[in-house]
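Me: I would like to go through the terms used for this model and ask on what grounds each one is applied. Please set every value against its definition.

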Amino acid sequence: MAYSQKVVDHYENPQNMGSLDKNDESVGTGLVGAPACGDVMKLQLKINDDGIIEDAKFKTFGCGSAIASSSLVTTMVKGQHIEEAEQIKNADIARELSLPPVKIHCSVLAEDAIKAAIADYRRKRASQAAAQ
Amino acid sequence: MSLPPCPACHEAVGGPICVGCGLLQPVPAALDPWTALGLRPRWALEPADIDRAWKERSKLVHPDRFVGKAPALRRAALGWTAGVNEARRALKAPMSRGLWLAIGQGALPERGGPVMDPDFLDWVFSMQMALDEDPAAVAAAVTERRAALYTALQSLFSAWEQAGSPPPGHASLAAAPALLAQLRYVEQLQARLEPTRA
């Protein structure tokens, strides 16, 4: 099995690797893991008051496909509204990267990470609203 | 799993060779490692026990014993041999051995596996982050975590044995997949700590 050129590109030249301040009220953090392979992925989204994703960063410990999937989603979600980003499906990621069937779970992980990050942001906003 | 009766003499068979007529049995479509090696399903298994069972079974089903025999028999010998080799590998790895007991297969499903405890994922992430800076501290923490997991798994599977070693999916095994998944993450960390042994 060979990785597709797109996986190799993202793996060798990952986009938006790094982290954002997890205590920032406008930052949602998603930390997810794939029990089948032991990979962990952290995705952070900085979201403005209009619900637009202004910045996205990731850190992933896993195989090339997991790194490429997380790198790809950061490029996809930047500039999107959170409701739009929530619609991203793992199949979109898998198709874009031409992932083989055994690596589909990496794209599932990336989809889960987006959802977890947005859920975390919403939780923060809700507790902020409750405090006011 | 019990094997179907012998197709030739209809005796109940305990292994690959019929006790009634000595016929090599066809390989069942779903062959679990316990049936393949003739071992009682259990967590506490020494590598030497597995090797012994593998050696005995391999002798019985080795394709060399079926040279010149009917094609169906030669096919069965190859199938049993593959099954026996695979079973040895599956039972030697603690994670797949535990999964065979808990969910009746040797690997976690790609989707819909156990939901991981967020605190545990946090711990894994922080260990991965600290690995390059302070490998000794990470190694110590990983060893400790691994030992704790083994203790938890041991007590879980001994409670399961006391319940009469029920088949996969039993309530006494409900916590096993998540613990075994944690073991997977810990092994992943260990592989990064000892790249040459991975």
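Reply: Helices (H or I, at least four residues) and strands (E, at least two) are DSSP runs, numbered from the N terminus. On that basis the elements of chain B run α-α-α-α-α-α-α from the N terminus on, with seven helices and zero strands. This is a predicted model, in which local features need pLDDT of at least 70 and side-chain atom pairs count only at pLDDT 80 or more, while totals for chains, interfaces and linings use all residues. Residues are numbered from 1 along each chain as its sequence is written, chains are lettered from A and ligands numbered from 1 in the order in which they are written, and side-chain values use heavy atoms, with hydrogens and water left out.

Me: Why is α4(B) called roughly antiparallel to α7(B)?

Reply: Two packed helices are described by the angle between their axes and the distance between the axes. Axes are lines fitted to C-alpha atoms, for helices over the stretch in contact, and angles run from 0 to 180 degrees between N-to-C directions. The axes of helix α4 (residues 94-103) and helix α7 (residues 176-193) of chain B come within 10 Å and cross at roughly 165°. Angles under 35 degrees count as roughly parallel, over 145 as roughly antiparallel, 65 to 115 as roughly perpendicular and the rest as oblique. The pair α4(B) and α7(B) is therefore roughly antiparallel.

Me: Which residues make the contact of α4(B) with α7(B), and how do they divide into nonpolar, polar and charged?

Reply: Contact means heavy atoms within 4.5 Å. From α4(B) the contact includes B:Met95, B:Gly98 and B:Leu99, and from α7(B) it includes B:Leu180, B:Leu183 and B:Arg184. Ala, Val, Leu, Ile, Met, Phe, Trp, Tyr, Cys and Pro count as nonpolar, Asp, Glu, Lys and Arg as charged, and the others, Gly among them, as polar. The residues of this contact divide into nine nonpolar, one polar and one charged.

Me: What makes the pair A:Glu96 and A:Lys6 a salt bridge?

Reply: A salt bridge is a side-chain nitrogen of Lys or Arg within 4 Å of a carboxyl oxygen of Asp or Glu. For A:Glu96 and A:Lys6 the N to O distance is 3.0 Å, so the pair qualifies. The bridge links distant parts of the chain, with A:Glu96 in helix α4 (residues 90-97) of chain A and A:Lys6 in helix α1 (residues 5-12) of chain A, 90 residues apart.

Me: Why is A:Arg95 called exposed, and what does A:Asp92 count as?

Reply: A:Arg95 is exposed because its relative accessible area is 59%. A:Asp92, at 26%, counts as partly exposed. The two side chains meet in a salt bridge of 3.7 Å, N to O, and both residues lie in helix α4 of chain A, three residues apart.

Me: What separates B:Asp49 and B:Arg52 along helix α2 of chain B?

Reply: They are three residues apart in helix α2 (residues 47-61), which means a separation of about one helical turn. B:Asp49, at 23%, counts as partly exposed, and B:Arg52, at 48%, is partly exposed.

Note on methods
Buried < 20%, exposed > 50% of the residue type's maximum accessible area, 1.4 Å probe, protein only.
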